Amino acid sequence: MGSTHNLDERKGAILRAIVSHYVRSGEPVGSKAVAERFPTKVSPATVRNEMAVLEDFGFIFQPHTSAGRIPTDAGYRYYVDAWTAHPRLSVRDSRRVRSFFGEPRYELEDSLRRTASLLSDLTDHAAMVFSPSLERSIVRHLELVKLTDERAMLVVVTNTGWVENHIILSPDAGDEVTLANVAELLNRLVVGTPHESVAETILDGVDRLPLEFRDLARNVSAVLKEEMLARGAERVFLEGTSNIVDEQKFSDLETVRQVIGVLEHRRVLLEVVADALAVERVMVRIGIENDLEEMRSCSVITAPYAIEGNTIGTLGIVGPTRMDYRRTIAAVNEVAEHLGRMLAGPID
């Protein structure tokens with residue numbers, strides 16, 4: 001969402017100074033404070049005139065209790081569009097991200113939860129990571145492991161790094177050799193198959209299996225179908241909601257309650273970021289750009305993460321409109337890039 005106004009260099013510099021000052025201090029910004037930040041001498045009177053124009057454009061407004069100005073949603077939008085292209089994290093934060101993703105990961109759920117925690121720590125906002133959608137996951141490998149005479153464990157590994165463990169109950173689960181043979185036959189059926197259709201694929205292929213393996217294969221199909229129904233929507237890992245409870249970031253406690261209410265309802269949260277999967281870049285929605293009324297005091301910054309160019313999930317942050325956009329956009333983008341690379345790596 002761009003602006004119909006193109007600012008000249010001085011007005012742009014003043015708007016940028018107001019946004020930067022307000023993000024840091026939380027206090028309305030006066031003409032004197034802006035004038036002091038200019039590299040070349042500009043009088044407070046000149047700044048006041050330019051601020052009046054910016055106010056007419058709808059980029060800043062004057063709270064009734066102060067002579068200073070604060071940015072509007074449109075002002076933040078102009079700032080984001082004009083000055084946040086290709087932002088980079090600080091050397092220290094970038095090193096922290098590389099170190100985090102350089103550690104070996106074996107459990108996807110734990111990795112995604114810790115990724116959300118990392119993103120929250122980097123930005124001081126609530127962070128969310130949606131697990132790879134089953135619709136976008138391809139089965140890479142399947143194993144059957146004997147537990148008891150009537151119980152076996154099914155292990156399913158996908159190309160997105162998702163590892164599932166399921167207990168298969170069967171009157172005669174068979175010995176290790178039988179389970180290995182069944183797993184080999186099932187792999188021939190399902191490797192390369194979308195996860196969402198693997199149960200049906202097994203069921204369709206049961207009649208091509210040796211008779212003594214068919215009951216166990218049907219049990220595997222039934223368990224996978226039950227898991228698909230139970231999973232429903234994508235899982236989301238949410239960290240840092242305590243960052244929302246900061247009275248300096250939001251105008252009142254009721255706003256805080258509304259935002260936390262949205263974050264606690266995972267399906268609603270999925271709706272908030274659903275369109276992020278349709279684009280291949282960072283998305284920034286500021287205040288009134290959010291469809292949900294409860295989120296209109298917030299900015300939502302999301303980015304997809306991908307394997308070999310194919311988007312498989314999304315992550316992002318939720319915070320107040322008064323945020324450090326350059327740093328937050330850089331963090332969301334860099335974490336998304338590294339998460340995709342990690343998931344594309346070999347699975348041990």
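An angle between two helices here is taken between their N-to-C directions, using axes fitted to C-alpha atoms over the stretch in contact, and it can run from 0 to 180 degrees. With that in hand, look at α1 and helix α3 (residues 44-57), which pack at about 85° with their axes 10 Å apart. Keep in mind that this is a predicted model.

**Helices α1 and α3**

- An angle from 65 to 115 degrees counts as roughly perpendicular, and α1 and α3 are therefore roughly perpendicular to each other.
- On the α1 side, the residues that touch are Arg 10, Lys 11, Ile 14, Leu 15 and Ile 18.
- They meet Thr 46, Val 47, Glu 50, Met 51, Val 53 and Leu 54 of α3.
- Sort the residues of this α1 and α3 contact by class and you get seven nonpolar, one polar and three charged.

**Helices α10 and α11**

- From α10, the contact uses Val 262, Leu 263 and Glu 264.
- α11 answers with Arg 266, Val 268, Leu 269 and Val 272.
- By class, the contact of α10 with α11 has five nonpolar and two charged residues, but no polar ones.

**The five-stranded sheet**

- Now find the open sheet of five strands: its order is β7-β3-β10-β9-β8, and the pairing is antiparallel.
- Its edge strands are β7 (236-239) and β8 (283-286), each of which pairs on one side only.
- If you ignore direction, neighbouring strands in this sheet are turned by 15° against each other on average.
- Helix α12 (residues 325-344) packs on the sheet, where it touches β3 (126-130), β8, β9 and β10.
- The direction of α12 makes about 25° with that of β9.
- Strands of a sheet pair through backbone hydrogen bonds, and the pairing can be parallel or antiparallel.
- For β9 (residues 298-307) and β10 (residues 310-320), the pairing is antiparallel and covers ten bridges.

**The largest pocket**

- The largest pocket holds about 450 Å³ of space.
- Its lining is made of 21 residues, and those nearest the centre are Tyr 22, Ile 70, Lys 249, Phe 250 and Ser 251.
- Among the elements, α1 gives the most to the lining of the largest pocket, with three residues.
- The lining of the largest pocket splits into seven nonpolar, seven polar and seven charged residues.

**The second largest pocket**

- The second largest pocket has a volume of about 320 Å³.
- It is lined by 15 residues, and Thr 84, Ala 85, Val 282, Val 284 and Ile 329 are the closest to its centre.
- Here the elements giving two or more residues to the lining are α4, β8 and α12.
- α4 gives the most to the lining of the second largest pocket, with three residues.
- By class, the lining of this second largest pocket has eight nonpolar, three polar and four charged residues.

How values were computed:
Residues are numbered from 1 along each chain as its sequence is written. This is a predicted model: local features need pLDDT of at least 70, side-chain atom pairs count only at pLDDT 80 or more; totals for chains, interfaces and linings use all residues. Side-chain values use heavy atoms; hydrogens and water are left out. Contact means heavy atoms within 4.5 Å. Helices (H or I, at least four residues) and strands (E, at least two) are DSSP runs, numbered from the N terminus. Ala, Val, Leu, Ile, Met, Phe, Trp, Tyr, Cys and Pro count as nonpolar, Asp, Glu, Lys and Arg as charged, and the others, Gly among them, as polar. Two strands pair if DSSP finds at least two bridges between them. On a 1 Å grid over the protein atoms alone, a cavity is a set of points where a 1.4 Å probe fits but cannot get out, and a pocket is an open set with protein on both sides within 12 Å along at least five of seven lines; lining residues have an atom within 4 Å of a point. Grid points are joined across faces, edges and corners, and a volume is the space filled by probe spheres set on the points. Angles under 35 degrees count as roughly parallel, over 145 as roughly antiparallel, 65 to 115 as roughly perpendicular and the rest as oblique.
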